[in-house]
Amino acid sequence: METSELHRIASQVRRDIVRMVGSASSGHPGGSLGCADFLTMLYFETMNHDPNNFNMEGREEDIFYLSNGHISPVWYSVLARSGYFPVDELGTFRKLSTRLQGHPSTDKKLPGVRMASGSLGQGLSCAIGTAQAKKLNGDNSIVYSLHGDGELQEGQIWEAAMYAAANKVDNVIATIDYNGRQIDGDLEDVLSLGNLHQKWQAFGWEVLEMNGHNMDEMRSVLAEAKAKTGNGKPIVIVMKTEMGQGVDYMMGTHKWHGNAPSPEQVDAALAQLEETLGDY
Amino acid sequence: MTEVATFEVLGKKDTRSGFGEGLLEIAKQNKEVVGLCADLTGSLKMDAFKNAFPERFFQVGIAEANMIGLAAGMAVGGKIPYTGTFANFSTGRVYDQIRQSVAYSKKNVKICASHAGLTLGEDGATHQILEDIGMMKMLPNMTVIVPCDFNQTKQATIAIADLNGPVYLRFGRPAVPIFTQPDAHFTIGKADVLMEGNDVTIIACGHLVWKSIEAAEELRNQGISAEVINMHTIKPLDEEAILRSVAKTGCVVTAEEHMIYGGLGDSVAQVLSRNNPTPQEYVGVNDTFGESGKPDELMAKYNIDTPNVVAAAQAVLKRK
């Protein structure tokens, strides 16, 4: 897909995020905006998937797990814009009886979601499990996952990291949203991850890095990651992003991790984001 | 007095060996069955499965949280994962992983838990979980099964593969009498009335089923006719079996190797209070941790032995 077209989609995704969180008066806009470019790239270009025939097992399809479930708005928008469910349904986000729960769930059967997430640290294990099932099934497709950087403070992530390398689970590509911020403040102040690149390397992973707002760079790094599958090592991409990317007053701070903008703030944000595909 | 069945003891074996044999059997029948173990393959009796199906066995090391997540992910890929570790590490240690990735996500994962309760023995209270039935039965979508002997554990292990959803299967460490038939069909959610009686209903699960049979035989010598129900499925609970029996006897004893809070007894009490309030006595561990000792010594010290079931029956009869 043309880079300019991906930018157009991402701009609409950002509008969706702001409007969903604004309308619900709750949700997590910061990390959602920061991952809008990445998820647009993943769903509109990188992954081999079938939005029109969603099934739980996804055999012969690439599968994605959102481990940091609180950034559900960006995932819901990208899923809807890809065709998994009607775009109008985005307006039900976080409202009673919605399929678009505050954090992703499977019990209301929203197409595109295969695992509940929200309690952090669990999605990497799930991704690795599915990757191993795919190997048993002789299915060569890839399992992608996304994790918050703060989420890496959970111990289960490192249990999973150790396991995947030891067992040569080389059909999984995990991405870390390295925005450096979490609820209580800067990640460095809350609990430093130290040298993240070296940590993953020491755990036996192939480590790549990319700028999560540069479509061309993401395209080439994701292609490189894909090319490295099947080589005996799991792959992780440390992706630099800016929390709140695209909305000036949400950038450069951790304060919009989990706060909804007021109606006036929604308007101020939308003024900065071009409506490209039509609002829901 | 009603004619009482007598039970022939067919031998003695640990229920975990029933799990090991059942897993091997179901793996032969169903190629989607996979097994995961957290460094307790020998204790869980998973070696035979591992040797027969090495490509379907996953050694995860001492990392139970990861094991539950892996299993949930494998279930997405169409597998039927059986996870194996001690009951304590199968539940309390990984409650949130089970809650979100298995129960809420409704994944076809079988959480198989050995060394449950006091009969784990010498390792002591750190490992003797007595709260696991309660934790697991509180989770929506979860089926909770506590079979009574080697044969039934084997049959239950086979049967749960056909149930598409999360299951908690609880069994134990010591060798205990085998008294169910090897070919008896296991029906999830349907209680077995082992002995018929008119004076008192004894509802038990796991190791306490045999103790209850012993107690019923002792009660018979005292002229008391006890009905013994093996409530191997705690959830979904066979309410009909409870109500049918209680309509006849008018009083109940529940018996389990578990805390009295949150276990089988609580489930039975809820059915009775809603439908037919009935005097009930509880045989179970009373709000305390266990300790090191031999299984039989611990059962006696913590009042979950045959004489305790007899005494509870005598007590509840006086409240009719």
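In strand β11 of chain B, Ile229(B) is the residue that stands opposite Ile203(B). Welcome to a predicted model, in which local features need pLDDT of at least 70, side-chain atom pairs count only at pLDDT 80 or more, and totals for chains, interfaces and linings use all residues. Residues are numbered from 1 along each chain as its sequence is written, while chains are lettered from A and ligands numbered from 1 in the order in which they are written. Helices (H or I, at least four residues) and strands (E, at least two) are DSSP runs, numbered from the N terminus.

**Chain A as a whole**

- Chain A holds 10 helices and seven strands, and its C-alpha trace spans about 50 × 45 × 35 Å along the principal axes.
- A compact globule of 280 residues would have a radius of gyration near 19 Å, and the 17 Å of chain A agrees with that. The radius is taken over C-alpha atoms, and the globule rule is 2.2 Å times the number of residues to the power 0.38.
- Of the 280 residues in chain A, 52% are buried. A residue counts as buried if 20 or more other C-beta atoms lie within 10 Å of its own, as exposed if 12 or fewer do, and as partly exposed in between, with C-beta atoms placed from the backbone.
- Among the contacts in chain A with a separation of 6 or more, 77% are between residues 24 or more positions apart. Two residues are in contact if their C-beta atoms, placed from the backbone, lie within 7 Å.

**The open sheet of chain A**

- Five strands of chain A form an open sheet in the order β1-β2-β3-β7-β6, with parallel pairing. Two strands pair if DSSP finds at least two bridges between them.
- At the edges stand β1 (63-66) and β6 (206-211) of chain A; each has a single partner strand, so one side of each is left without a neighbour in the sheet.
- On average, neighbouring strands of this sheet are turned by 20 degrees against each other, direction ignored.
- β1(A) runs parallel to strand β2 (residues 143-148) of chain A and is joined to it by four bridges. Here Tyr65(A) stands opposite Ser145(A) in β2(A).
- Helix α9 (residues 215-228) of chain A lies across β3 (172-178), β6 and β7 (235-240) of chain A, at about 165 degrees to β6(A). Axes are lines fitted to C-alpha atoms, for helices over the stretch in contact, and angles run from 0 to 180 degrees between N-to-C directions.

**Enclosed strands of chain B**

- Five of the five residues of β10(B) are buried, so β10(B) is largely enclosed by the rest of the structure. Val200(B), Ile202(B) and Ala204(B) point one way, and Thr201(B) and Ile203(B) the other way.
- β10(B) and β11(B) run parallel and are joined by five bridges.
- Strand β4 (residues 80-86) of chain B is likewise largely enclosed by the rest of the structure, because seven of its seven residues are buried.
- β4(B) pairs in the parallel sense over five bridges with strand β2 (residues 33-37) of chain B, where Cys37(B) stands opposite Gly84(B).
- β4(B) also pairs in the parallel sense over five bridges with strand β5 (residues 110-114) of chain B, and there Tyr82(B) stands opposite Lys110(B).

**Helices of chain B**

- Helix α8 (residues 208-221) of chain B has 14 residues, which at 1.5 Å a residue should span 20 Å; its end C-alpha atoms are 20 Å apart, which agrees. The expected span is 1.5 Å times one less than the number of residues.
- The buried residues of α8(B) include Trp210(B), Lys211(B) and Leu219(B). Just after α8(B), Gly223(B) takes a positive phi of about 85 degrees.
- The buried residues of helix α12(B) include Val309(B), Val310(B) and Val316(B). The buried residues of α12(B) pack against β10 (200-204), α8, β11 (226-230), β13 (252-259) and β14 (280-285) of chain B.

- Most residues other than glycine have a negative phi, and most peptide bonds are trans.
- Ser97(A) is not a glycine, yet has a positive phi of about 75 degrees. Ser97(A) is exposed, with 6 other C-beta atoms within 10 Å.
- His115(B), also not a glycine, has a positive phi of about 55 degrees. His115(B) is buried, with 27 other C-beta atoms within 10 Å.
- The peptide bond from Lys235(B) to Pro236(B) is cis, with omega near 0 degrees.

**Where the chains meet**

- In all, 22 residues of chain B are in contact with 26 residues of chain A.
- α3(B) gives the largest share of the side of chain B that touches chain A, nine residues.
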